[in-house]
Amino acid sequence: MAQETVKITINGKEVVAPKGTLIIEAAAQAGVEIPHYCYHPHLSRPAVCRMCLVDVEGQRKLQPSCSTPVQPGQVIRTDSPKVQEAVREVLEFTLINHPLDCPVCDQAGECGLQNNYQDYGLYNTKFTLPKVHKAKVQKIGPTLTLDAERCILCSRCVRFTDEITKTHEMGIMQRGDHAEIQAVKEVNNPYSTNLADICPVGALTQNDFRFKVRVWYLKHQQSICPGCARGCNIVVDHYRGEAQRMRPRNNNAVNQSWMCDDGRLLYKAIRNEDRLNAPMLRKDGKRVAVTPSVAFSEALRLLEKHAKHTATQGSASVSNEDAFALARLLKMMQAPVASSLRESPVGWEDDALLRRADRTPNRNGVSAFSGTEEFAVRLKTATLALVIQEDALPERSLYPQLAGVIYVGTHDCPTARSADVVLPMAMWAEYEGSFTNFQGRVQRFLSVVSAPEGVVPLWQLASRWSEAFGGKRYASAAEVFRAMATEHPLFAKMTFDGLGEIGLCAPSADQSKEA
């Protein structure tokens, strides 16, 4: 049944919006930005900041657009002299006690107060009284620092801890110009860093990002968090080739505007000390760094020699394209399909809001190309082990019949240290591909930073090996996806570019699964 719509006019332009839409949301859909502070699309709407006032024809007073729904035939002005004067007065009132510390504030460059003053303020203040000073630089938990003096009392943080996490750590104390945001207990819930995201000023800042790099130097890339089966939509901010932070990106079907604290720090794995940056071969019991071509050729020699007797352990952390290309390689080798996926690591406390107990990003996708027999069972009759991104063979001595072990992964581990050939592969932030989350939603991620020299995605390695067995060598992730969509119903009628910014649900996915 089609949703009922209404026609309104905003700044002289006719706009069609679903019935019940708030004016601020209808304006945003029409490309008109209304300044605001307390409004957030996923929180309650107290309409306390009064920044979003608009002029509605027939109404004696200006109306808060964050709590006023559209009505048929409404004529709305967001830029009338009356509105502009009201916005300036609200800004002036908001800035009465606000410290002028923009040069040392981490929020400078993405501060709602700073931006709105540039766009709507630029007034000469009438207030001459001394500012009321409040507490500064308070560590209110392991992830956050509070500067109450910068707070503009929008109450977003209070509503987030009351309505989203239901942990109730934040509150507004005192009255009048002495009203102050405070943490009534330590803020240590698993989603605490979202408070820094929703704070429109520099009152709440994330400890991990404080004084790290000015935001105007950052470049931004949309991606998908690899931390669990939820697949939160994110933005990765990077500077001079290194990721600096991860932030949630809105997708109402997956994570709304939130992400967990653990996922937010996964960018650190890209350059940590255990990262595999160069291929290695085992010679005389020691690992020796070699060129990519030498390691690739030695791995190919082993694959050709032991093709039908290869036991393969795949990983739920690789992309759909990686898993498909690996499956094609094994088919060309006439080797058994990849073993069943290993159990997910444990340690999450909850599945209540976002975090899934399955801490892998692509179990749904990779399982489509995996078998049901365990790797340990396969190893009993195999003469070659091909291990992808898993510490699945830490004690090689248990399988004396193995003539070789090939490890392809991103970080060092006991299996990599016992392998005959080690080939580093690109991480999720270093190439483009797709994950399939627990809902069956296929979501695209894009390259954020460059991989170490000579390090490529698994699908490139697999398709190059496949070419030696008479298979096809793919030129791009989009080409792999096109072949995958042709051959597997999970991806039928999809294209890589067609996944867009929020992904698509696979036709065979169970649409009744919890969102």
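Arg88 and Glu85 sit three residues apart in helix H2 (residues 81-94), so about one helical turn separates them; helices here are DSSP runs of H or I with at least four residues, strands are runs of E with at least two, and both are numbered from the N terminus. Their side chains meet in a salt bridge at 3.1 Å, N to O. The term covers a side-chain nitrogen of Lys or Arg within 4 Å of a carboxyl oxygen of Asp or Glu. Arg88 is partly exposed at 27% relative accessible area, and Glu85 is partly exposed too, at 34%. The labels work like this: buried is under 20% relative accessible area, exposed is over 50%, and partly exposed is in between, with a 1.4 Å probe and protein chains only.

A bit of housekeeping: this is a predicted model, where local features need pLDDT of at least 70, side-chain atom pairs count only at pLDDT 80 or more, and totals for chains, interfaces and linings use all residues. Residues are numbered from 1 along each chain as its sequence is written, and side-chain values use heavy atoms, leaving out hydrogens and water.

Now for Lys136 and Glu149, whose closest N and O atoms are 3.3 Å apart in a salt bridge. Lys136 lies in the loop between helix H3 (112-120) and strand S6 (138-139), and Glu149 in the loop between strand S7 (144-146) and helix H4 (156-164), so the pair ties together parts 13 residues apart in sequence. Lys136 is partly exposed at 37%, whereas Glu149 is buried at 8%. Both belong to a salt-bridge network that also links Asp101, Asp147 and Arg150.

By the same rule, the count comes to 29 salt bridges.
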